[in-house]
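Please have a look at the structure first, and then at my notes below it.

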Amino acid sequence: MTKLAVVRENPHVIDGSASGDLDLKCDVCVVGTGAGGAVTASVLAEAGLDVVMIEEGGYWSAADFTMREKDTTPRLYQEGGTRATKDLAMTILQGRAVGGGTVVNWTTCFRTPEDVVQTWHDEHDVKGFAYADLVPHYEAIEKRLVVAKVDESTLNQNNRKLFDGCKKMGWAADTLRRNVYACMQTGFCGLGCPVNAKRSMLVTLIPDAIDAGARLVFHARADRFVTLGNAVTKLEGSLLDSEGIAPTRKKFTVTAKRFVTSGGAINSPALLLRSGIADDGRVGARTFLHPVIGSAAIYDEDIIPYRGAPQSAASHHFAHRGGDVGFFLEAVPWYPSLTAGAAPTFGAEHLAFMKRVDKTATHIAIAIDGFHDDVPGGRVTLRESGAPLVDYPIPQRLWDAFRFAQKRLAEAQFAGGAKEVATLHDPPSRMKSPADIDRVIDAASYDVGRVPVFTAHQMGGCAMGDDASRSVVRSEDLRHHRLENLYVIDGSVFPTSLGVNPQESIYGLSRLMATRLAARR
Amino acid sequence: MNRRTFLKRGLAGGAVLLLGGGGLALIPTKEQGAPTRALAVLGARSFQVLVAIAKRVAPPSADAVKISEGVDSLLRRAPVEVQRDFNKLLGLFENALPGLLFDGRVLPFTRLSPESQDAVLAHWRDSRLTIRRTGYHALRRICLAVAYADESLWPAVGYSPPPVGAFTPMAYDDSKMGVSS
């Protein structure tokens, strides 16, 4: 099997920053190398098709993953980690590299909940597959990525506090399944695994695809598909400098029989829009973000929230709340730059907050958007420059869910032994005991710019479905309803959010659809 | 600020504007520290305003010029529209005229005392206007995120990650992992 150093020097891997104009021809061009693109490219290449992968980000590897945000965050996240929604209410954490979000995610693996697939079938005209069709693909991916359930004894303190707190409240909680092998518990999954223990696309299916003959061009930005009648004739793009920032003025084109966009839930709709494919406003609509709020708790004992697997326990106890928006609870690691931006206030008060790192555990509530009529998600549009802009007005019902969730987070934290709990409001709302929770949280303001909201899960924007008036691609094969050789294979096809961390949902669906595509060559 | 004060200041500001108070917008920015290299995104004035903000937002031991250079460098990765808006935001933050309208100050931000600067930051944070609150957070967050990316601040908060190179990456040879692919 290929080693990364070999892959990078493979003649099939082209660094766009060092290349002249490129004019490539292939059977299938795959744009994006994250969870959707890497799976698709490897399946198609292994089936004998000539595949070209296009990636805007850089080809970084373990040696570049220094556990330092300064070296990694700007390179590995969209817009250097500064991407936000239009009204700046929400910070968008989204990967950008060879391997996409899988390079920087926190390794949590869930199959798509069966009831979510059923909802798609019943309410969104997704008739092209059933949950049972996905199962063998989940199994194959789990084997390839060595997905295994975390043993409770290995939880770090950050996750232990959440797990114990939820159990004491009588809520369902469980350890998570992670895609790691021989994990050394460095704690830095979010900055790229420094030891290659994380079985991301970077070290698994991208090398597989290249082994099978696929080509990869990185530092290459897909600008637009050129269409003629009901077909895409070619992809046009710009090559970028060695930091993936500015165009080098060199261009590339890819001519292919089929085109797959796997840029993820923000960049795939943006690429279609730049190509003039708007489908009467359906492209970019219903973008779901699993919006997140946080709660910081101080304990007597050491937490050291940057050591050990950052995410290893969760509670889905509040995922189904009927008419109210559901959410799930997880832990997040403490990285200094990430935390400093999220921590409230400024100056001396901010410094005091930062100084309690060793005793602080931060837990989050992740809202499950897209299942209620008045929580319709956001919309991806284009800025004048062609870059994507995500407009996600947070509806009142979501703020209401945040207020409810904030109370549950505090309850779990106190039940787990917290001495003090603070929201991330600016200034923070502080609680000394469970008796304070209702009074303090009821008095807090839930509004734009009052409390920070984050997203690390981007979904939707190119919905699948069999009613062409409500969706962008067909559910049987994720082919565009009109363009006969254009496919969208990534998290943007989900008609709702998932209620679980998305990577495995994208792997499973992509593998099913790529297998079907390979069979139709 | 309650609604009445807000309106009163709005009216006062309007009067000042009519009387040629636009001159307030022309009070020059006070030099805070020169950049050590060419700037990619921030205008010269924006940079000075950002240095003044970084001095109040980040810990005293942090180097505000270095933070502002880091912000300039990071913003190269943002869309040009975001770069433009960030410069505009810094101009608005500095400008004494809106300062008079909303914060009751007659000097640009860079010419205020540290205490008054903190009060301006708090005014923006607590404003009824969404764009002032989100503007405050945009400025605050990027300064703090860049500041704490620098290891010089870590000992003071007790953050001690493993040294760079503490771990040797495994070769991901699947045959050694007992994984059949």
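The points below go through the chain contacts, a helix, some backbone details and the nonpolar cores.

1. First, the ground rules. This is a predicted model, in which local features need pLDDT of at least 70, side-chain atom pairs count only at pLDDT 80 or more, and totals for chains, interfaces and linings use all residues. Residues are numbered from 1 along each chain as its sequence is written, while chains are lettered from A and ligands numbered from 1 in the order in which they are written.

2. Between the chains, 45 residues of chain B are in contact with 50 residues of chain A (contact: C-beta atoms, placed from the backbone, within 7 Å). On the chain B side, the elements that give two or more residues are α2 (44–57), α4 (80–94), α6 (114–125), α7 (130–149) and α8 (154–157). Of these, α7(B) gives the most, with 13 residues. Helices here are DSSP runs of H or I with at least four residues, and strands are runs of E with at least two, numbered from the N terminus.

3. Do look at helix α3 (residues 69–76) of chain A, where six of the eight residues are buried (buried: 20 or more other C-beta atoms within 10 Å of the residue's own; exposed: 12 or fewer; partly exposed: in between; C-beta atoms are placed from the backbone). The buried residues are Glu69(A), Thr72(A), Thr73(A), Pro74(A), Arg75(A) and Leu76(A). They pack against α9 (336–342) of chain A together with α3 (64–75) and α7 of chain B.

4. Two non-glycine residues with positive phi deserve a glance. Gln185(A) has a phi of about 60° and sits in the loop between β8 (177–179) and α7 (205–211) of chain A; it counts as partly exposed because it has 15 C-beta neighbours inside 10 Å. His290(A) has a phi of about 45° and is in the loop between β13 (287–288) and β14 (292–298) of chain A; with 23 such neighbours inside 10 Å, His290(A) counts as buried.

5. Please check the cis peptide bond between Asp426(A) and Pro427(A), with omega about -5°. Pro427(A) belongs to the loop between β20 (420–423) and β21 (430–431) of chain A.

6. The largest nonpolar core has 221 residues, and Cys29(A), Val51(A) and Cys143(B) touch the most other members (nonpolar core: buried Ala, Val, Leu, Ile, Met, Phe, Trp, Tyr and Cys residues joined through C-beta atoms within 7 Å). Its largest share, eleven residues, comes from α7(B).

Key
Contact = placed C-beta atoms within 7 Å.
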